[in-house]
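Here are some notes to read alongside the model.

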Amino acid sequence: MAVTILLENDKRVVENEARKQYVSRQKGTHCSLLLDDEQVVVLKEVKEKDLTLEKVRSIAGDIARGLAAQKVEKALVGDDTIAAAFAKLDKEKAVTAFVEGWDLGSYHFNSYKSKADDSKAELEVAGSAEAVQAGQIRAAAMAFSRDLMNEVSNVLNPETYPDVLKEKFAGTTAEVTVYGKEQLEKMEMNGVLTVCRGSKYSPSFVEIAYQGDASKPLVALVGKGVTFDTGGISLKSGKDLSDMRMDMGGSAAVAGAMQLLVQSNAKVNVVALIPIVENAPDNTAVYPGEVIHYKNGTTVQVGNTDAEGRLILADALLRAGELDAEYIVDIATLTGAIVNALGTGLGGVFGDEELSHVMKKVGDENGDFVWPMPLVDAYDKTLASDYADMNNISTLNFAGSITAGLFLRRFVPENSKWLHVDMAGMMNHSSASGYYAKSATGYGARLLADYTVKISE
């Protein structure tokens, strides 16, 4: 069964008064109806002030999910139809956004359901082959990030995660290097080693290098890879902590970004740095009050073991310095405070002010929204410790996302241009809408990839 996607002003609609009235009365951006025993989807006019590429993605995702529920196997649309429906937008970008939204709206993660419904309506677009392929590549990268975040923690853990990444990039131009526990000890990645002490799994650190153009400045993408976060000895409370398997969302964003860059043959010079741990309580776990000695000579007192993400990101930032990265972006599901500040519609970006606004513009177009946030220097002293150079938590009972950023800033290489993205509020959606399923979002993959391309121009 196949359906055709039409415009509201298609003559088969407007020349029949009953059909015309039916379509006009329907709420939303589209509707379905029968034309001579053929099912069609009619795209309704979108007000110019509401017309964005994100709107295109959302419309396509809604249609795709609705048709899949009806067991429709295929949908047909011409690139001229998409161009006319969203006439104020660039045609190629509109087609790419429509395909991207469609594929993501059809996303499922049903690996553990005995009676899973993986129905999907295949989209066939006539024309604009390159734009269609770009949309498919972008959707696949974001879907990979979603798959990683949705996977359960006994399957995706510090020992298996590296194998997943090696398999994903096998046969590509990207080079994957995995460091195990013994190598991490030699590399003095003591934050990673300390956080993972209570886990039955050994920690790991993955580097994915891609040189689409070796003459470009090196960009380091750093992603927090906590495959499950119990809080450690500072145990989390809550009725259901199962979403804490998504605390590796930053690493999923980085992995998805690398897939997008590699598959797009992007002219960039980039390395992904992914510290992978599990934060678990045990008799071997790090206790509050212990002190970590970092490779650069800095000592950190662990005031709270649930502030573990910054402890492993510190090692990765130091590693970025060893590799002489000119630009660094770290991304993490780092603080609940960012959710209090910005809600669940966008992430916060800290660091270089000029580059923060560059990233905001990138996110405004690709749908991974961010808002520039301040690093208040006056708060830096609240990270002081009586026993070490600094504490991993602030003495303040507010500004938690800011003080977390200030902690990370102390480990940023002196000559690097740095941004920190706190994506805690963007980890998952509680209901399906637009091109998002009720599950992990895959947030950050497009943001990091497009930002890397932008600053490499």
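**Notes on the model**

1. Let me start with a strand pairing: Gly 225 has Ile 276 in E10 as its bridge partner. Strand E9 (residues 225-229) runs parallel to E10, with three bridges between them. Here two strands count as paired if DSSP finds at least two bridges between them; strands (E, at least two residues) and helices (H or I, at least four) are DSSP runs numbered from the N terminus.

2. A word on the basis: this is a predicted model, in which local features need pLDDT of at least 70 and side-chain atom pairs count only at pLDDT 80 or more, while totals for chains, interfaces and linings use all residues. Residues are numbered from 1 along each chain as its sequence is written, and side-chain values use heavy atoms, leaving out hydrogens and water.

3. Strand E8 (residues 218-223) is parallel to E10 and joined by five bridges, with Val 222 opposite Leu 273. Strand E7 (residues 204-211) pairs with E10 in the antiparallel sense over eight bridges, and there Ala 209 stands opposite Val 271.

4. Helix H14 is largely enclosed by the rest of the structure, because eight of its 10 residues are buried. Among them are Ile 402, Leu 406 and Phe 407. Ring pairs also link Phe 407 with Tyr 294 and Phe 411 into a cluster.

5. The structure holds six aromatic pairs, counted for rings of Phe, Tyr and Trp (its six-membered ring) with centres within 6.5 Å; planes under 30 degrees apart are stacked, over 60 edge-to-face and the rest tilted. Tyr 379 and Phe 398 form an edge-to-face pair, because their planes stand at 75° with the centres 6.0 Å apart. Tyr 379 lies in the loop between E15 and E16 and Phe 398 in the loop between E16 and H14, so the pair ties together parts 19 residues apart in sequence. Tyr 379 is partly exposed at 24% relative accessibility, as is Phe 398 at 45%.

Key. Buried < 20%, exposed > 50% of the residue type's maximum accessible area, 1.4 Å probe, protein only.
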